[in-house]
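Subject: Structure handover

Hi,

Here is the structure I promised to pass on, with some notes on what I found in it. Have a look at it first, and then read on below.

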Amino acid sequence: MASISARRLGKELTEIRNEGCPVGITLVKADDFETWWFTIEVMGESLYKDEKYTLQFRFDSSYPISSPAVQFVVVDGHTSPIHPHVYSNGHICASILGNEWSPVLSVVAVCVTIQSMLASCKKKERPIDNDRYVRNAPDNPKKTRFHYDDDTV
């Protein structure tokens, strides 16, 4: 019998393959139920016009009860967007990836939320504590206890 995680990811992957992703979001790789990659770009006028980024989702056996580990890919020529909630190592400070995660959220919903976060940004800048955080950050962003205090950028 397949695990809850495998069943859920299988369902989400089937929907993505049958229905496609929203505009600006593309599934790049989903060879297994452990790691998926998507490209994401902001449509319309924004600070990130004509820029494309790659998101990596890592799933554990507790998905969807626990959130996936989501970060921008920053290897092999990939970069993370310069944004007040995105660290230069690709980690994303977003409450839906932490204390506001809900099992009803899907991978595509997370992509759309991050796309929206970029679209609404008013100023390209790194988080104030970027250098300190990146020096000491764990490999898995889920092991960080982010403090969520600004949802205006």
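Predicted model: local features only at pLDDT ≥ 70, side-chain atom pairs only at ≥ 80, totals over all residues.

Let me start with one residue. Leucine 47 touches Cys121, Lys122, Lys123 and Lys124, leaving aside residues up to four places away in sequence. Where does leucine 47 sit? Its place is in the loop between strand 2 (35-41) and strand 3 (52-58). Leucine 47 counts as partly exposed, because its relative accessibility is 35%.

Next, the cysteines. How many disulfides does the structure hold? The number is zero. For cysteine 121, the closest cysteine sulfur is the one in cysteine 93, at 14 Å, which is too far for a bond. Cysteine 111 has its closest cysteine sulfur in cysteine 21, and here the separation is 6.8 Å, so this pair is also too far apart for a bond. A disulfide would need the two sulfur atoms within 2.5 Å. Cysteine 111 is buried too, with a relative accessible area of 0%.

Now for the chain as a whole. Its secondary structure comes to three helices and four strands, and along the sequence these follow the pattern α-β-β-β-β-α-α. The radius of gyration is 15 Å, close to the 15 Å that the globule rule gives for 153 residues, so the chain is as compact as a globular protein of that length. If you want to set up a box, the C-alpha atoms fill one of roughly 45 × 35 × 30 Å, taken along the principal axes.

- Of the 153 residues, 42% count as buried.
- Among contacts between residues at least 6 apart in sequence, 58% join residues at least 24 apart.
- The chain exposes about 8600 Å², and carbon and sulfur atoms supply 50% of that area.
- There are 17 positive and 20 negative charges, and their mean positions are 2 Å apart.

I hope this helps you find your way around.

Best wishes

Conventions: Residues numbered from 1 in each chain as written. Heavy atoms only, no water. Helix = DSSP H or I, 4+ residues; strand = E, 2+ residues; numbered from the N terminus. Rg over C-alpha atoms; globule rule 2.2 N^0.38 Å. Buried < 20%, exposed > 50% of the residue type's maximum accessible area, 1.4 Å probe, protein only. Contact = heavy atoms within 4.5 Å. Areas by Shrake-Rupley, 256 points an atom, 1.4 Å probe, with all protein chains shown as cover. Lys, Arg positive; Asp, Glu negative; His and termini not counted. Charge placed at Lys NZ, Arg CZ, Asp CG, Glu CD.
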